[in-house]
Structures are given as structure tokens and as C-alpha cells.
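The exercises below are meant for a reader who is meeting this structure for the first time.

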2 protein chains.
Amino acid sequence: MVGTKTTERKIRVAIVGYGNLGKGIESQLSKNPDMELVCIFTRRDPSTLETKSSVPIVNTLDVYDWKNKIDIAFLCGGSKEDLPIQGPDFASLFNTVCSFDTHAKALQYAESMNKAAIFGDTIAMTSIGWDPGLFSHMRLLIKSVLPNSKVYTFWGKGVSQGHSDAIRQIKGVKDARQYTIPVEQAVQRVRNGETPEFTTREKHTRLCYVVTEEGANRSEIEKQIKTMPDYFADYNTTVIFISAEEMLKNHSKLPHGGKVIGVGETSDGVKQVIEFSLNLDSNPEFTSSVLIAYGRATYRMWKDGERGYKNFSDVPPKYLSSMNYHDIIKQIL
Amino acid sequence: MVGTKTTERKIRVAIVGYGNLGKGIESQLSKNPDMELVCIFTRRDPSTLETKSSVPIVNTLDVYDWKNKIDIAFLCGGSKEDLPIQGPDFASLFNTVCSFDTHAKALQYAESMNKAAIFGDTIAMTSIGWDPGLFSHMRLLIKSVLPNSKVYTFWGKGVSQGHSDAIRQIKGVKDARQYTIPVEQAVQRVRNGETPEFTTREKHTRLCYVVTEEGANRSEIEKQIKTMPDYFADYNTTVIFISAEEMLKNHSKLPHGGKVIGVGETSDGVKQVIEFSLNLDSNPEFTSSVLIAYGRATYRMWKDGERGYKNFSDVPPKYLSSMNYHDIIKQIL
């Protein structure tokens, strides 16, 4: 029972889409000797793709050739345009893991991934990464242990790609990098066991570094950023204009992080505070590390006979690790 | 598939042993409306026990009368004397959850609990609480996501019962309370992404409040504490003598907490830091809250057909919560 679990052969991995996340998975697989990359799928002309590894680069049209040759496919497309179509297509052929993060459409996506996975006799593991993903896990864990608790999520300090892109759409802007920053006083209040209702403005601030074109109207750009609905209007936003050189030198990395903090009382005035926080030098490299661990788990659950839609909440933690069960008891417990 | 999961009737709970932990479970069950306490087992004469709830108090000799009337029994005895015997006895009759925390004997205990649970057609969920338990979960999660990471565990600030008891054994000591305190500089170094090798002394300090008998030799007591092997000799220890009144007024609570921090690189110089921390006003109330969530999960896994020894690493997070699967996707993901 508490015996050693060994995998006979390496888990065969495919990457679907070769952007930041796909490249992250390619690089992080080297830290997981129980897995091996067997191919990279792309919608582009494979001959135009330069990859670090020497595995075949396959056009997605030829995906059927790879049925039964892949244990887990990591879907590295975007949630808005790519995954709603690519997701079910691949889930009908392979076990998949993806980072689908459009909260409003999570149930709809779950239904369509489930149908495809049941049809394909596979598992479709979705919304994996750190938020959704590890942070979802922590929110559920806190709510399970402290049912009457209040749970707060703070993001940052880190680069938000969506907000950076929104600034780049403004006329006269050449480049932009937007950092989301949690308000330290708000974090401290929760850590101290308070349970306030925060406004959007009270939880996060936004810091924007902007490179403009020659002769651009900077005060007009700053006004457009600060009043942009949804993205900036509800926040205290700081805009700093910098040179293209400074952007390249100081803002080319993609750090991120955040915290989930839960506060609950177990009896009158007896506070219990649970905090989970991430401080990440590279968002894509960390996200791909999380995907890989859940890819391992997905394949193991599939070998155990599980099928269909899954998310973080279905995964027994032991399946995430390459450690055997004996060692978990001896070294981790 | 992603349908609503409902429990038809409440989960029937028994408490085994009515100390701090048993009382904690009794009080925390009120926050979990899907569970109901049906009886409390004790080795004492039931008529001598005053409990808050009105359920039957049953002598452990009459345990067989309760077969098939209990879905989950929380074993609240100590790891040293009680659980090695009580554990298998109860696991052969009921699904059990316990907080067994003697690391050196974890495998041996796992084997004996597994045999009893297989014999009894039950699940024996062991080493549940916050350490072992939630902290074990975090250590495994960090090692899974960042296989090359280094993981540190810090405890405190909080009362260590074992160390307080050790001081009380010294001649001339009337009462004592020992706080374990993490060294802030050590925590900060790890948070900043360093991965040092710490000595015992560099990670924690020990702070002791001591009430002495009249005429006791305080300098001798202080010396005996500070040089006590295993407990204090390897630490920087501070001893403060106080009055019995001050002890009662300022040190009657049992706060605790701690942190698990993992530091890993995903590529050269790219640091990723994961931290999980607890700040607890009441150690027993929090520990019992954790046990209750894992009790719910244990019963659900049993209904799914699982049997035998289990620990935190076997539990899909969705089973810990009374939320249905739809709501996990909609509200938590």
C-alpha cells in the first residue's frame, strides 16, 4: 500500500503554441527528468519556427498523425481567441492542460472541454497556472478550513500584459509597461486580522512606464491612460515617460506575484490568518512550471481511469510530484 | 459532469478523547452545517465528563455499539501514548482522521493504520493539522512546481507545549510558557531569494516565561533551562521570571503559527519565491478546523470506494469543501 510508485517510461509531452508560455514549458521540462518533449505544434509554417529543442515541429493540421504518441499536450494559446477552439480540438485527441483564465466563461469552457475529452477518452485539465490555479487552490483551502472566513486576493508587484497592451493602443505611444501594485496598507490590515470591504482603488495602484513617439502630446496621453474605463479609471495611476533605452534596460523582464489572504474567527475574537504569496522573477517560467506539475498529475489520473473535464480541485497532491509515496511520508510529512 | 453534488444527510461525527483538540472539534462543528456530532468517546467514567454538547458520552469499551452509526471518528489523543494503540483500534471500526505527528514513526504508523483500515473496510487519514498537514501540503506543492527548490519551515511565534512542559519539570518551577520565535533576519534572507544553510540557532529563538516557587534559586533554574539538551541548548534562549498573576493574565492563550518558504530558480538567476504562512490566535481551534475539513474529505473518498491508509497527499481539494463543484468553478476558480 504505502509502496513505491515508479513510472515505467518517461511521460511524452507535446507543446501547442510557441509563445512565452510554450517556450517556458520547453525550458522547464529539463528540470523534470520523468518527462520528455516529443513535438511542438504550431499554426505557423514549421520551417519558420526556431526552437531550442530538436524535436519535430508539426503543423496543427497534421495533429492526427500523433494520436497515441503523446501522453499530455500543453495548450499554450490565449484564453480569448485560441483556447475556445483549440482546446476541444486537442482534448478530443490527447490529455490536455491549459491555463484558461476567462472567469466569466469558465463553466461554458468546462462543458465544451468535457464533451471533447469524454469523446476522446482523455482528461482536459483547465485553468492551471497561479491565478487561476495555485491561488484558486488556496482560496478553496482557506474556505474549507475556515468556512466563515473572508478571502482577499492581491496581485503584484508585477507586469500586466493586458494593461500594457491597452496603453500601446493610444496614439503617440511607442511602448508601455504597466505594473500592478498592491496597496501595502490594505495588505497589512488584512494580515492583522481585519476584514474590511475595499474599493478597487484601495486594493491596487497602477504604475505605467511609457515611451512616446517624437512630438507626441504627453499630457494628452497621460489623461487618456488615467481615464481609460475598466483598465485605469478606478485606480490611482501614475504615468512615467521614459526613453526606449531605459525601457529596454529596466523593464524587459516579466516579474509578477501576489497574495491570497484569508481571515476567519474560530470563536469570538479568536482570529486565524492564512496567507499564500508568490514573488516571481518570471511569470511565464513560473506558470509553465505549474502547468508541468499538473500535466504529470493529469497523466497519472488518466492512468487511474479518470476522464473528462478537471480542474485543480480534482487533483490529489501526490500526483503533482515525481516523488514516490514512501518518500512523501518520510521526507515531506 | 460539472453537476451539483449534494450530500443527502449530515455526516455523522464522533470525537475520541475530550482534551484541547476534542473540545476544539466540538466547537468548530457548529461552523460546518453538513456535519453533526453523534457521540464523544472517552476512557474516563462518562459521568465525570462535562461537555458543551448534549450528545451521548460513551466509554471506549462500548465502541462496538456504534459500528455503522458513525461516518467519521476524529482521534484526539496524543501521538506518543494514545494514537499508536487507539488509532488501529478505531480504524478497524470507523473512518478516522488523526493528527499523528511523530515523524520518525510515520511509516510504521502508516502500515499499522493501513492494516486496520483494510480489515475494517475504512479509511485511516493520518498526520492532519497544520504541521504535519497544511505545511506538508505546501512543502510537496513547492517541490512539485519547483523541483530544484529549497524549502524552509519556520515555526512561531507561538507556544510550544512540549517545551513548556520540559521547563515545568525543573525543581522550583511552578509554571512556564515557552514561545518559539523565528529569527526575522533568517526569514527575510529566504524571502529575498537566498538559499543559505542555517544552523538551528540561526532559525529560531526561544523565549520562556517562568513562575517560581518561593525561595527558588532563579539563576540555577535559568542555567538549567538554557543548557537543557535538545530543547534549549542549541538555541538562543531568554528566560523571564514573572508572577503567577501575570502568567494568567498575559499567557493563557495558545497562539501559534509559522511559515513554509520555497526558493527555486527556473533559469540562471531567475528566482521564484513561494510562501505560505499562518498566524493563529488559537492553535487547538485551528488544528481542529483542519481536521474537520479532512474528515469531510475522508468520508467522501470512502463513499467513492477508497480504503486504507491515506494522508494529505491523497486528497483532491474539492472534497475538503462543502461547496458544490459548480460553485467552485464559478466562485473560486
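Contact, a term needed from the start, means heavy atoms within 4.5 Å. Helices (H or I, at least four residues) and strands (E, at least two) are DSSP runs, numbered from the N terminus, and two strands pair if DSSP finds at least two bridges between them. Axes are lines fitted to C-alpha atoms, for helices over the stretch in contact, and angles run from 0 to 180 degrees between N-to-C directions.

This is a predicted model, in which local features need pLDDT of at least 70 and side-chain atom pairs count only at pLDDT 80 or more, while totals for chains, interfaces and linings use all residues. Residues are numbered from 1 along each chain as its sequence is written, chains are lettered from A and ligands numbered from 1 in the order in which they are written, and side-chain values use heavy atoms, with hydrogens and water left out.

**Exercise 1. Describe the overall build of chain A.**

Begin with the elements: chain A holds 11 helices and 14 strands. Next take its extent, for the C-alpha trace spans about 65 × 60 × 35 Å along its principal axes. The radius of gyration (taken over C-alpha atoms, with a globule rule of 2.2 Å times the number of residues to the power 0.38) is 22 Å for chain A, which agrees with the value near 20 Å that a compact globule of 333 residues would have. Of these 333 residues, 58% count as buried, where buried means under 20% relative accessible area, exposed over 50% and partly exposed in between, with a 1.4 Å probe and protein chains only. Finally, among contacts in chain A between residues at least 6 apart in sequence, 68% join residues at least 24 apart.

**Exercise 2. Trace the open sheet of six strands and say which strands lie at its edges.**

The order of this sheet is 7(A)-12(A)-13(A)-13(B)-12(B)-7(B), with antiparallel pairing. Its edges are strand 7 (150-155) of chain A and strand 7 (150-155) of chain B, each of which pairs on one side only. Neighbouring strands of the sheet are turned by 10 degrees against each other on average, direction ignored.

Now follow the pairings. Strand 12 (residues 256-267) of chain A is joined to strand 13 of chain A by 11 bridges, and Glu265(A) stands opposite Lys271(A) there. In the hairpin of these two strands, which has two residues between the strands, Gly269(A) takes a positive phi near 80 degrees. Strand 13 of chain A is in turn joined to strand 13 (residues 270-280) of chain B by nine antiparallel bridges, and Ile274(A) has Leu278(B) as its bridge partner. Within chain B, strand 12 (residues 256-267) and strand 13 pair in the antiparallel sense over 11 bridges, with Leu278(B) as the bridge partner of Gly258(B).

As a last step, consider the surroundings. Nine of the 11 residues of strand 13 (residues 270-280) of chain A are buried, so this strand is largely enclosed by the rest of the structure. Helix 4 (residues 134-145) of chain A lies across strands 7, 12 and 13 of chain A together with strand 13 of chain B, and runs at about 5 degrees to strand 12 of chain A.

**Exercise 3. Locate Gly156(A) and decide whether it is buried or exposed.**

Gly156(A) is found in the loop between strand 7 and strand 8 (158-159) of chain A. Because its relative accessibility is 8%, Gly156(A) counts as buried. Apart from its neighbours within four places in sequence, Gly156(A) is in contact with Thr180(A), Pro182(A), His256(A), Gly257(A) and Gly258(A). The C-alpha atoms of Gly156(A) and His256(A) are separated by 5.5 Å, although these residues are 100 residues apart along the chain.

**Exercise 4. Work out the surroundings of Thr122(B).**

Thr122(B) has its place in the loop between helix 3 (106-120) and strand 6 (123-125) of chain B. With 3% relative accessibility, Thr122(B) counts as buried. Leaving aside neighbours within four places in sequence, the residues in contact with Thr122(B) include Ala91(B), Leu93(B), Phe94(B), Trp302(B) and Arg307(B).
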